[in-house]
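Please look over the sequence and the structure shown below before reading on. The briefing that follows is grouped by topic, and each point can be checked against the picture.

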Amino acid sequence: MHMPLEDTLDLNLLTANQHQAEHNHQHFQGWDLLCLNLMSSPGAGKTALLERSLPALAADLRVAVLEGDMTTLLDAERLEAVSIPVVPITTGRSCHLDAAMVSGGLKLLEQRLDPSGLDLLLVENVGNLVCPAEFEVGEHHKVALLSVTEGDDKPLKYPLMFRQADVVLITKVDLLPHLPVDLAAIRRNILSINPNATVIEVSALTGEGIHSWHHWVQQALAARKQPVPALATA
Amino acid sequence: MHEVDMTKCLLISLNEWRDRQAQPTAMVETVHLDVGRFTCVEPNQLVTTYNAAVQGSWLDGSELTITEIPFVGRCVACNASYNPVPESAYRSPCCDHPLKEIVSGRELRIRSIDYRTDARAALESGQIQRTR
Ligand SMILES: Nc1nc2c(ncn2[C@@H]2O[C@H](COP(=O)(O)OP(=O)(O)OP(=O)(O)O)[C@@H](O)[C@H]2O)c(=O)[nH]1
Ligand SMILES: [Mg+2]
Ligand SMILES: [Zn+2]
């Protein structure tokens, strides 16, 4: 059957998630904090980055973490060691965080502290380069991590993640001398799919580039009262 | 794995749509979905998980039809439309420019629903309605 153009329902499949994400975002605005959604493949170094960054960030910011480990408390336990409030989010076996899961995490966070006293809320998403990119959680910015050991073709194979990210951290750069990987090609591929991305090279092991990453966070904090880009789709 | 989550999203949207209807929906015949090629959804898997998920629900027996929407970018240098491909890093073939503007491919939308509001009336008239 032919369908005339005006005969449309035009309902976004992710409407329910987006409503919840907007709701979360209103909370973040009300609490006057910056929320960053950290995403990468498993093992790219999200938790290691947090372990390295949190003590330095906490020197002049009040920070908390929502930890979206799939089934275990391992990452949350690693982060508790740096004395920052960490709330584990139960994701069951879901391959990504969605806005409702983060909302649940926020309720737990509120039981522990008053979020309006926070400046920065970091969300570690489930390790997965595909799905988290499609599910907004209400964050101000998406942060994608790509480790140099993953190869320079990954931005091309998982384009949505790198397209959606506002900042891409190329991690584990301390390993570059041992790898046949082309750092310039990683950069070029990221910027081909997303010319607006900020790309920063970091090593959680040596601390290289961490200052640039923190500088980006500070800039995002300073800009957070400006209107946020519309939640992505079509 | 994410097709399961996408199916859940779809069912939530369909339930919300049903709850908004003035007349009770007797039966859904077909759900028409637009899925862009630059999304994380694989159409065949979505149909499979949908068929499994609706069993025993009010949507049992309905069919999910997916129209794939091509991934189209626009070259900001010369304004030409093109299909971004990984082999050329999604850059424009005309000017070798990065993918700045996406024209289509990010769609994930329920375009329309073919349904009957009342089984007896529908049987008599043979009419199936489509959403507006
Ligand atoms: N050499 C080197 N190794 C690193 C660096 N960052 C992380 N690693 C190692 O990479 C492995 C994975 O790091 P994680 O921080 O657990 O990665 P993740 O992204 O949090 O992993 P999931 O949460 O399981 O997805 C660990 O063995 C880290 O020690 C780095 O900068 N340099
Ligand atoms: Mg981790
Ligand atoms: Zn061109």
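Predicted model: local features only at pLDDT ≥ 70, side-chain atom pairs only at ≥ 80, totals over all residues.

**Residues with positive phi**

- Most residues other than glycine have a negative phi.
- Asp96(B) is not a glycine, and yet its phi is positive, at about 55°; the residue sits in the loop that lies between E4 and E5 of chain B.
- Lys172(A), which is also a residue other than glycine, has a positive phi near 60°, and its place is the loop between strand E7 (167–171) and helix H7 (183–193) of chain A.
- With a relative accessibility of 26%, Lys172(A) counts as partly exposed.

**Helix H1 of chain A**

- Buried residues in H1(A) include Thr15(A), Ala21(A), His25(A), Phe28(A) and Trp31(A).
- The buried residues of this helix pack against strand E1 (11–12), strand E2 (34–40), helix H4 (99–112) and strand E5 (120–124), which belong to chain A.
- Asp32(A), the residue that follows H1(A), has a positive phi near 60°.

**An open sheet in chain B**

- In chain B, 3 strands make up an open sheet, in which the order is E4-E3-E5 and the pairing is antiparallel.
- Strand E4 (81–82) and strand E5 (101–104) of chain B each have a single partner strand, so they stand at the edges, and one side of each is left without a neighbour in the sheet.
- Strand E3 (residues 72–74) of chain B pairs with E5(B) in the antiparallel sense over 3 bridges, and Val72(B) has Ser104(B) in E5(B) as its bridge partner.

**The surroundings of ligand 1**

- There are 18 residues around ligand 1, and those that come nearest are Lys46(A), Thr47(A), Ala48(A), Asp174(A) and Ala204(A).
- The side chain of Asp174(A) has an N or O atom 2.7 Å from a nitrogen atom of ligand 1.
- A backbone N or O atom of Ala204(A) is 2.8 Å from an oxygen atom of the ligand 1 molecule, while a polar backbone atom of Ala44(A) is 3.3 Å from an oxygen atom of ligand 1.
- Ligand 1 exposes 650 Å² when taken alone, and the protein buries 69% of that.

Methods
Residues numbered from 1 in each chain as written. Chains lettered and ligands numbered in written order. Heavy atoms only, no water. Buried < 20%, exposed > 50% of the residue type's maximum accessible area, 1.4 Å probe, protein only. Helix = DSSP H or I, 4+ residues; strand = E, 2+ residues; numbered from the N terminus. Contact = heavy atoms within 4.5 Å. Pairing = 2+ DSSP bridges. Near = heavy atom within 4 Å. Polar contact = N/O pair within 3.5 Å; in protein donor to acceptor, adjacent residues only side chain to side chain. Areas by Shrake-Rupley, 256 points an atom, 1.4 Å probe, with all protein chains shown as cover.
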